[in-house]
Amino acid sequence: MSQHTTLSPVYGIVGDGRVATHFAHYLSLLAVPFRQWSRRRAPESKLAEVIDGCQIVLLLIRDGVIEDFVREHASTLRNRRLVHFSGSLVSKFAESAHPLMTFAERLGDLAFYRRIPFVVEEGRTRFAEIFPGLPNPSYAVPADRKAHYHSLCVMSGNFTTLLWTKFFAELESCFGITRDAAIPYLEAITSNLVHSPESALTGPIARRDLGTLNANLAALRAANDPYEKIYQAFVEVHVPEAEIL
Ligand SMILES: NC(=O)c1ccc[n+]([C@@H]2O[C@H](COP(=O)([O-])OP(=O)(O)OC[C@H]3O[C@@H](n4cnc5c(N)ncnc54)[C@H](OP(=O)(O)O)[C@@H]3O)[C@@H](O)[C@H]2O)c1
């Protein structure tokens, strides 16, 4: 039995989506005990049986259903610490611990999971108290500023993913350039951001090259590309003196 097993409470995980799958995998790698229930695996009538003995229940389900789930299962969940992982929801029904990470399909190794910072709400239960067996760094943000914190996560992680998936698809469909050929570009951008973020930005915004900015915008307009608005918004924020033609 590992040291974590003796230190840790038994967790109940509700859900079997992306985060639930990753977190269950992480707990398994640490040999932290847990039980998992999801509506696909078992009927609601089995919830009490599955999470019997779990002092802490992690509600790893869609943000919009977390509070309803607690209300609907109030008697089963009573006297347990409830925790959700949403970066924006603040609820009197459950504490929160937001993993500052993106979880898609591919599972990680222990080194990957251990480095993920968790963000809890200031003034509520500390991360180390919820997860005494986890080595992760943690931070606390005021509840009323959580939505701001989360909006930054969404812009940096999700918006760039939208831009990169569009880039990969259209390089291939419009210009016959494969995704593989573009990967070194992505790697260089990531590496520059990691090693010297202050000098990572290159291109017409960094150079304040108004001619190129206008030529790019005109090309997107001619292609009827709705991302013309995205490009324009970046120019308005970062080159406010630019006169867009
Ligand atoms: N993915 C990320 O990168 C990420 C990062 C940080 C935090 N989070 C947070 O993690 C939580 C889970 O997100 P996710 O990405 O894992 O979502 P997901 O992959 O879409 O999974 C959602 C889970 O919620 C379940 N669910 C939905 N409605 C339900 C209901 N009424 N009753 C019971 N279960 C229900 C789904 O079950 P069915 O399949 O049966 O619908 C599924 O198991 C969210 O709070 C999210 O904000 C996600």
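Because the model is predicted, local features require pLDDT of at least 70 and side-chain atom pairs pLDDT 80 or more, while totals for chains, interfaces and linings use all residues. Residues are numbered from 1 along each chain as its sequence is written, and side-chain values use heavy atoms, without hydrogens or water.

The protein chain contains twelve helices and seven strands. Both are DSSP runs numbered from the N terminus: helices are H or I with at least four residues, strands are E with at least two. The radius of gyration, taken over C-alpha atoms, is 22 Å; this is well over the 18 Å that the globule rule gives for 245 residues, so the chain is more spread out than a compact globule. The globule rule is 2.2 Å times the number of residues to the power 0.38. Along the principal axes, the C-alpha atoms fill a box of roughly 65 × 35 × 35 Å.

Of the 245 residues, 35% count as buried, meaning under 20% relative accessible area; exposed means over 50%, and partly exposed lies in between (1.4 Å probe, protein chains only). The chain exposes about 14,800 Å², of which carbon and sulfur atoms supply 56%. Areas come from the Shrake-Rupley method with a 1.4 Å probe. Contacts are heavy atoms within 4.5 Å. Among contacts with a separation of 6 or more, 54% join residues 24 or more positions apart.

One cavity of 30 Å³ or more was counted. A cavity is a set of points on a 1 Å grid, over the protein atoms alone, where a 1.4 Å probe fits but cannot get out; lining residues have an atom within 4 Å of a point. The largest cavity has a volume of about 70 Å³, the space filled by probe spheres set on the points, which are joined across faces, edges and corners. Its lining consists of Val19, His22, Phe23, Tyr26, Phe85, Pro99, Phe103, Tyr113, Ile116 and Phe118. Helix H2 (residues 18-30) gives the largest share, four residues. Nine lining residues are nonpolar, one is polar and none is charged. Nonpolar covers Ala, Val, Leu, Ile, Met, Phe, Trp, Tyr, Cys and Pro; charged covers Asp, Glu, Lys and Arg; the others, Gly among them, are polar.

Serine 8 sits in the loop between helix H1 (3-7) and strand S1 (11-14). Serine 8 is buried, at 10% relative accessible area. Beyond its neighbours within four places in sequence, serine 8 contacts Val32 and Pro33. Glycine 211 lies in helix H11 (residues 210-222) and is exposed, at 53%. Glycine 211 and glutamate 243 are 32 residues apart in sequence, with a C-alpha to C-alpha distance of 9.9 Å.

Terms used. 1 Å grid on protein atoms, 1.4 Å probe; cavity = no way out; pocket = protein on both sides within 12 Å on 5 of 7 lines; lining within 4 Å.
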